[in-house]
Amino acid sequence: MIHKRLRPFNTKKTYPEQNLDNDLSQGVVARGTTVFLRGQVSQDLDTRECLHVGDAGKQTAKTMQNIKMLLEEAGSEMAHICRIVVYLTDIRYREAVYQEMGKWMKGVHPCSTGLVVPALARPEWVVEIEVTAVIPDAA
């Protein structure tokens with residue numbers, strides 16, 4: 001294992017009353033070059049077009065696609081994500097956002113924080129995800 005995941009868990013056990021399936025941990029010990037990604041949203045990174053207005057699940061899918069692309073451009077990958085911070089504009093989006101995010105993060109176990117905020121930079125965005133990852137040291 002490249003990174004040491006502290007007390008990994010799945011949200012099925014932490015939040016049994018919710019329909020979530022997210023692999024998370026209480027902390028991550030990683031070695032390598034740190035990659036900080038700006039908060040990502042449902043936006044085409046080339047055209048800056050806002051995508052999937054009003055659909056939290058589709059916004060999350062596009063956001064995760066952007067994160068994957070940026071990590072690969074940096075020389076990292078989804079498996080090397082250590083921390084995520086999720087910003088929602090409404091708690092009612094939580095299930096759709098975390099269900100989609102869980103598909104992209106299966107087996108990764110980052111430490112995660114989720115916040116509900118009054119607004120994001122544009123009113124059409126309902127979710128923003130910030131990621132910290134690493135490019136592991138050579139073995």
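A residue counts as buried under 20% relative accessible area, as exposed over 50%, and as partly exposed in between (1.4 Å probe, protein chains only). By that scale Lys 106, at 47% relative accessibility, is partly exposed. The structure here is a predicted model: local features need pLDDT of at least 70, side-chain atom pairs count only at pLDDT 80 or more, and totals for chains, interfaces and linings use all residues. Residues are numbered from 1 along each chain as its sequence is written, and side-chain values use heavy atoms, with hydrogens and water left out.

**Salt bridges**

- A salt bridge is a side-chain nitrogen of Lys or Arg within 4 Å of a carboxyl oxygen of Asp or Glu, and a search of the whole structure finds 6 of them.
- One of them joins the side chains of Lys 106 and Asp 23, at 3.8 Å from N to O.
- Lys 106 sits in the loop between H3 and E7 while Asp 23 belongs to strand E3, so this pair ties together parts that are 83 residues apart in sequence.
- Helices (H or I, at least four residues) and strands (E, at least two) are DSSP runs, numbered from the N terminus.
- Asp 23 is buried, with a relative accessible area of 10%.
- Lys 106 and Asp 23 also take part in a network of salt bridges together with Lys 12 and Asp 21.

**Salt bridges within a helix**

- In helix H2 (residues 56-74), Glu 72 and Lys 68 lie 4 residues apart, about one turn of the helix, and their side chains meet in a salt bridge of 2.6 Å, N to O.
- Glu 72 is partly exposed at 45%, and Lys 68 is partly exposed at 35%.
- In helix H3, Lys 103 and Glu 100 lie 3 residues apart, about one turn of the helix, with a salt bridge of 3.3 Å, N to O, between their side chains.
- Lys 103 is exposed, with a relative accessible area of 60%, whereas Glu 100 is buried at 14%.
- An α-helix has 3.6 residues a turn, so residues three or four places apart point the same way.

- The buried residues of H3 are Arg 94, Val 97, Tyr 98, Glu 100, Met 101 and Gly 102.
- Their cover includes H2, strand E6 (81-88), E7 and strand E8 (127-136).
- Asn 22, in the loop between helix H1 (11-14) and strand E3 (23-24), is buried at 2% relative accessibility.
- The side chain of Asn 22 reaches the backbone oxygen of Tyr 98 at 2.9 Å.
- Leaving aside neighbours within four places in sequence, Asn 22 is in contact (heavy atoms within 4.5 Å) with residues including Phe 9, Tyr 98, Met 101 and Gly 102.

**The largest pocket**

- About 250 Å³ of space lies in the largest pocket.
- A pocket is an open set of points on a 1 Å grid over the protein atoms alone, where a 1.4 Å probe fits, with protein on both sides within 12 Å along at least five of seven lines; lining residues have an atom within 4 Å of a point.
- Of the 17 lining residues, Tyr 15, Arg 94, Tyr 98, Ser 112 and Gly 114 are the closest to the centre of the pocket.
- H1, helix H3 (94-104) and strand E7 (111-116) each give two or more residues to the lining, and E7 provides the largest share, with 6 residues.

Technical notes. Polar contact = N/O pair within 3.5 Å; in protein donor to acceptor, adjacent residues only side chain to side chain. Points joined across faces, edges and corners; volume = space filled by probe spheres on them.
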